[in-house]
Amino acid sequence: MPESYTLLIGGIQGEGVVSTGLNLMRSLSSLGFYTYGSRRFSSRIKGGNTSFKISISTKKQLCTQDSVDSLFALDLETISLYENQLKEGGILLYDADLAPSFSKNSSLTYVPVPITQIAKESGALLMKNTCTIGFIGQLLGISEDDLIPSIKERYDKKGKQVVEKNLKVLSNSFGYKSDVIDQHKHSLGSKPVPTSRPLMIGNEAIALGALMAGCRFIPAYPITPASEIMEYLGSVLPQYGGVMIQVEDEISAVTMAIGASYAGVRSMTASSGPGLSLMLEGISLAGMTEVPIVVVACQRVGPSTGLPTKHEQSDLFTLYYGGHGEYPSIILAPSTVEECFYDTIRAFNLAEEYQCPVIVLSDLSLSLSPQTVDPLDYDQVVIQRGAMVTMDTLNHTETNDFKRFAFTENGISPRSIPGMKNGSHHVTGVEHSENGIPNDNEKNRKKMMEKRMGKTAPLSLGSEIKIIHNNRRSTLFLTMGSNFGIVKEAVESCGNQVDYGAITMIRPLPRKQLLEVFEKYDRVVIVENNYEGQLAAIIKQEIGYHHKIDQFLKYDGSPFTLESLRDKIGGEA
């Protein structure tokens, strides 16, 4: 097969476009192919156009291609919106019931197919998505037998009759013969060895990571694009003795997470833009009281409601500088679905090791784009609970004399949890002494600030930037989050003329490694989806090297295109 094959399915939101794409991706993943899907959807439950673009390959996919080999239109708007994305020689299949009147591009092939008719006659109108999968299967040379398992899995919960009707629709769509489709049949080539690679979105990987890390409580308020995290954990936590609570707002969510974590239960919450703003007071409280919590920040377009279903990376300033006063926090920035899993586990360990808030920073594309992932290594799951005071120590402690906020060499104080004899202590959001009693003494305040602010300093010495070295030029393209995948694809397709990488911890910045980077490279191009160049601004403020930093920004609500990045790389190489 070619390096990759890309198709796009479009139709009215709420009529199964996403189900079509996911079922197809599951089938392809089980056959051994790698897939990556990107959704474009409006902020409505139903109505308006939605689309699902899928890139398929035998090699790992971390983004979709700009242009598509085939387009499947279930409504007229899909044709007007995406016809221009078809490659020369591409094929556009559309529901014959649409009867479009448009000026046809002579380089393309237009094929009406009876999607609605087959769905109605063989099952039900709602089964247009299954019919579409049948036509896609024909075009890609995937057999009906290869598609049946995902259809059965998808509709099993709806009952035997629904499964049988969908299978009949699938069979009849395969039974429809078209010489034009046969002429454009695009073989995916030799099948790779079938594997058990899962299909996941970043939010599912974060939720699974939390579960494996021992998280047993998530209070949250639904918000796009974070909701899948609470939905996933809500479905599985009861099996493990845990609880998900949908609360009245984000203030409640973060404070309930703090309370549960104080009680010793690994807890987290997840939100996006406006919800994160509401959480900042609570996050500050966790900083002052040194209660470990994990907050997942799935970024979308702001300010305010902005474009709630579109992609952006503009909450970095809020999370880096936000909150009142000064307190330590850690910001992890995974850039792949697999890293979402591992970094969430790490987030819980860091939160308890350094007793501070840890943010897992995601973005809409990373949170919601389904992709075939490599099997996760559960042997890497290690739970570290940090400096928990032992009962032996408490047995030698006088009642009411436990110093929860003791001054220690590394700034980290042993903590107890409610119920530990002689471990009780005072906890308050105001400045306090070593045993938690409010204390506004200037000497105590200065010493307590230095204790809190200094405890995460060792993290700045770590290697938190993954760099792929090509060693041909002195330019590094540095990015964060889902951008890593598209930068990787763009650099590779340009002949690996530059080095590239992603920063995986943004607070504290890996100062030591960054200084080494700026010593090595003549130019660092920072690629991010926001107007102000927030990551670049933070690095300039903390590290300097203004003269070596260039910015490549995009803030129109959509991810970077490969073409735009290739142009930028070409200008730098």
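Ground rules first. The model is predicted, so local features need pLDDT of at least 70 and side-chain atom pairs pLDDT 80 or more, while totals for chains, interfaces and linings use all residues. Numbering runs from 1 along each chain as its sequence is written, and side-chain values use heavy atoms, with hydrogens and water left out.

Start with the largest pocket. Its space is about 800 Å³. On a 1 Å grid over the protein atoms alone, a pocket is an open set of points where a 1.4 Å probe fits, with protein on both sides within 12 Å along at least five of seven lines. Grid points join across faces, edges and corners, and the volume is the space filled by probe spheres set on them.

Now the lining, meaning residues with an atom within 4 Å of a point. There are 34 such residues, and Ser38, Arg39, Lys53, Ser558 and Pro559 lie nearest the centre. Strands S2 (34-40) and S3 (49-57) each supply at least two residues, as do helices H2 (76-82), H14 (364-368) and H17 (483-493). Which gives the most? Strand S2, with four residues. Helices here are DSSP runs of H or I, at least four residues, and strands are runs of E, at least two. By type, the lining has 13 nonpolar, 14 polar and seven charged residues. Asp, Glu, Lys and Arg count as charged; Gly is among the polar ones.

Next, Thr6. Thr6 sits in strand S1 (residues 5-12). Is Thr6 buried or exposed? Buried, at 0% relative accessible area. The cut-offs, with a 1.4 Å probe and protein chains only: buried is under 20%, exposed over 50%, partly exposed in between.

Last, the rings. Phe, Tyr and Trp rings (six-membered ring for Trp) pair with centres within 6.5 Å; planes under 30 degrees apart are stacked, over 60 edge-to-face, the rest tilted. The count is nine aromatic pairs. Phe317 and Tyr321 form a tilted one, 5.7 Å centre to centre and 55 degrees between planes. Both lie in helix H12 (residues 316-321), four residues apart, about one turn. Phe317 is partly exposed at 22%, and Tyr321 at 38%. Phe341 and Tyr342 pair edge-to-face, at 5.1 Å and 75 degrees. Phe341 is buried at 0%; Tyr342 is partly exposed at 22%.
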